[in-house]
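Subject: Structure for your files

Hello,

Here is the structure I said I would pass on. My notes on it follow below.

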Amino acid sequence: MARKRKPQDVSVLHGHHVVSGQELRATFDAGRNADDTARVRRRVLHGVVLVLLIGLIAAGIITALAIINGRFSIPSAEPAAKTVSACPAATFDYTPNEQVNLNVYNSTSRPGLAKSVADDFLARKFVVAAVGNTEPSYRGVAAVISGAAGQSAAFSVQRNLPGSDYFQDSRTDGTVDVILSQDYRALAPPELVDQTPGTLSCPRESRRVADDDMWPVMPSAAPAS
């Protein structure tokens, strides 16, 4: 008796799966759907970019018209204001010591400093009037203060007092105030005082003043010796 053969599976050929028409159509349909989705996304993206581009062009046109009509102005950078120095630029001759009227004040905690320095100035034939103490409101070696009329005299004082800073106030006479501060050590030796013409030495830290309201120091009305 002959054996019955098993029905052959038409989806398998030599061990490989045979793609049916239905599977092939499903594959093409899936690919077509993916292409359609990508195409829609590209169209949406192109539309968004186009809308933004049109908006930028419209904004540029509106801004340009506003500038032309004077309704809108573009702020321009202004150049920084130049710092105006209050330090006198003139060159001064050395005023003879005996023609310089001085007031000497001590703003340090060293007792008797004003009297000691005043005596040193007197020994150099400076004319010394007031001698006393004042509040420590200036930092440095010493402040040399005068009005416009006393600038030449202040120049001579500074040549004897190296490292000092000059300040101008509104006094009208030729007197000069010397306010000794914590960095003061000594006057220049008399034989080393430079008496050639020169300029005043103003504060190195922009501590320049030109009116009474901005004084860095204010001697007391009745200084104590």
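Searching the whole structure, which is a predicted model, turns up three aromatic pairs. One of them joins F92 and F155: the ring centres are 6.4 Å apart and the planes meet at 35°, so this pair counts as tilted. Because F92 sits in the loop between helix 1 and strand 3 while F155 belongs to helix 3, the pair ties together parts 63 residues apart in sequence. Both partners are buried, F92 with 12% relative accessibility and F155 with 1%.

Another of the pairs, F121 with F126, is edge-to-face, with 5.1 Å from centre to centre and 85° between the planes. F121 is buried at 0% relative accessibility, and F126 is buried at 2%.

The buried residues are Q151, A153, A154, F155, S156, V157, Q158 and N160.

Next, the surface. L53, I57, I61, L65 and I68 make a nonpolar patch of about 510 Å². Of these, I61 lies in helix 1, which runs over residues 21–68. I61 has 47% relative accessibility and therefore counts as partly exposed.

Regards

Terms used: Residues are numbered from 1 along each chain as its sequence is written. This is a predicted model: local features need pLDDT of at least 70, side-chain atom pairs count only at pLDDT 80 or more; totals for chains, interfaces and linings use all residues. Side-chain values use heavy atoms; hydrogens and water are left out. Buried means under 20% relative accessible area, exposed over 50%, partly exposed in between (1.4 Å probe, protein chains only). Helices (H or I, at least four residues) and strands (E, at least two) are DSSP runs, numbered from the N terminus. Patches are made of residues with over 30% relative accessible area and no salt bridge: like charges are joined within 9 Å, nonpolar side chains (Val, Leu, Ile, Met, Phe, Trp, Tyr) within 5 Å. Accessible areas come from the Shrake-Rupley method with a 1.4 Å probe; for residues, only the protein chains shown count as cover. A salt bridge is a side-chain nitrogen of Lys or Arg within 4 Å of a carboxyl oxygen of Asp or Glu. Rings of Phe, Tyr and Trp (its six-membered ring) pair if their centres lie within 6.5 Å; planes under 30 degrees apart count as stacked, over 60 as edge-to-face and the rest as tilted.
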